[in-house]
Amino acid sequence: MRVGTMYGTEGFFLLNESPAGFDYELTSAFADFLGVQLDVRPFADPKRMLNSLKRGEIDLIASPFQFASEHLTHVEFGPAYQYFDQVIVTSNNNPKRNALVERYSMHADALKHKALEQGIPWQATLEYDSEELLQMVLAEEIGYTVTTSSILNRARLLNPELLPYEVINRNLPRRWLFSKSHNDALLGVMLEFFGQYRVSGALKALNEAYFGHVQKINFVDTKSFIDAVNDTLPNYKEWFKKYADDLDWRLLAAVSYQESHWDPNAVSVTGVRGLMMLTRPTAREMGVTSRINPEQSIMGGSKYLAKMKQRLPARINEPDRTFMALAAYNIGLGHLEDARVLTQRAGLNPDLWVDVKQYLPLLRKKQYYTKTKFGYAHGDVAVQYVENIRRYYESLRFIDENIHQAATQ
């Protein structure tokens, strides 16, 4: 099965030299469903991708790029599997009044009407993709662009200065495209696949893995984090790398930032201390003699997080295994297990974070915690804790990979 998509986090990219991306994973599952081999063909030019579909060089398009309707007269649409808002984007105190948008996209049509209404000069381009246009807004080279809510939310992980100026359309469907030359059998198997993928919870879990943590961006917190990456992280980076073992050091650093904002002398009202905010019993168990010693704290925190991952049932796969281990680091394995039991009683999947995180907050409610083994817990705090770490980790991974790429060029 030959699939066209666009380069980027939502389409296709290489992660540690392995293929990744939302569309890549979704079409991989479809290929497995069909029992065929997947041949992903990433494009940088959307028009070329569409022409390849016309010529029969690819079988379908699974891409975050949203074409204007006039370019889709020769294609059929698969079932909707995701929804997005169409957003005009600007930035803080941007003095520019011009606008630039991707050519051939539905955003060009939307911007044309808005620009005419407000007297703003605008252009459409193939030279830059949506992520580059957002960077041009930040650099004040242009005043506005239009993109999807998912692309904007992810960009704001590093650049909270980007602002949703106006939502043009809400809840627009995202669909696969395929040629009208195909018979109805292809649409039929798509409907069957998405039906099963939804019922199994796999589609919900995939959306959670790529988009669940980027819905709410706090400007002040994100800016403080970026500053700390530059000013404070270098003091501890080598210890995060040294003691990460099988963990990603950037995940360990993200946990530490969430716990202490990389302050080795941090202390909470409950008595946890240090970079990794260890309790006395946990520190003792992990061989830490001084919780305010940065190196010892990082070593102990790494060992404890690895222990949480190891103690989870073997059937829990990644990335859910990591998400649940993070929750257990915060709230304890017993309370996490209580939430998993509540999830299972409700008929959902206790091995999927997207389901379990709905039931962790119920551990604060009497009607639920009185029926659990470990009782009352701040489950809502644990959910926010995990989501924060996921945002910090993704931001840190992006920064680190760009530094590495620049160093090797």
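Q: Which residues touch the most other members of the largest nonpolar core?
A: Phe240, Trp262 and Leu360 do, in a core of 59 residues. A nonpolar core here is a set of buried Ala, Val, Leu, Ile, Met, Phe, Trp, Tyr and Cys residues joined through side-chain atoms within 4.5 Å. Buried means under 20% relative accessible area, exposed over 50%, and partly exposed in between (1.4 Å probe, protein chains only).

Q: Which helices each supply at least two residues of this core?
A: α8, α9, α10, α12, α13, α14, α15 and α17 each do. Helices (H or I, at least four residues) and strands (E, at least two) are DSSP runs, numbered from the N terminus.

Q: How many residues are in the other core?
A: That one, lying apart, has 23 residues, among them Phe22, Ala31, Ala62 and Leu206.

Q: Before we go on, what kind of model is this?
A: A predicted one: local features need pLDDT of at least 70, side-chain atom pairs count only at pLDDT 80 or more, and totals for chains, interfaces and linings use all residues. Residues are numbered from 1 along each chain as its sequence is written, and side-chain values use heavy atoms, with hydrogens and water left out.

Q: Back to Trp262, then. Where is its place?
A: Trp262 is in the loop between α10 and α11. It has a positive phi of about 60° although it is not a glycine, and at 2% relative accessibility it counts as buried. Leaving aside neighbours within four places in sequence, its contacts (heavy atoms within 4.5 Å) include Phe225, Tyr236, Phe240, Tyr257 and Leu275.

Q: And Asp245, buried or exposed?
A: Exposed, with a relative accessible area of 65%. Asp245 also has a positive phi, about 55°, without being a glycine, and is found in the loop between α9 and α10.

Q: OK, helix packing. At what angle do α10 and α13 pack?
A: About 35°, with their axes 12 Å apart. Axes are lines fitted to C-alpha atoms, for helices over the stretch in contact, and angles run from 0 to 180 degrees between N-to-C directions. Leu251, Val255 and Glu259 of α10 make the contact with Thr322, Leu326 and Tyr329 of α13.

Q: What joins Glu318 and Pro319?
A: A cis peptide bond, with omega about 5°. Pro319 is found in the loop between α12 and α13.

Q: What about α14, how far apart are its end C-alpha atoms?
A: They are 18 Å apart, which agrees with the 18 Å that 13 residues should span at 1.5 Å a residue. The expected span is 1.5 Å times one less than the number of residues. The buried residues of α14 include Leu333, Leu336 and Leu342, and what covers them includes α12, α13, α15 and α16. Just after α14, Gly347 takes a positive phi of about 85°.

Q: Switching to strands. What's the order in the open sheet of 5 strands?
A: β4-β1-β5-β12-β6, with mixed pairing. Two strands pair if DSSP finds at least two bridges between them. β4 and β6 stand at the edges with a single partner strand each, so one side of each has no neighbour in the sheet. β5 and β12 pair in the antiparallel sense over 2 bridges, and Leu60 stands opposite Phe178 in β12.

Q: And which way do the residues of β10 point?
A: Thr145 and Thr147 point one way, Val146 and Thr148 the other, and all are buried. β10 pairs with β7 in the antiparallel sense over 4 bridges, where Val89 stands opposite Thr145.
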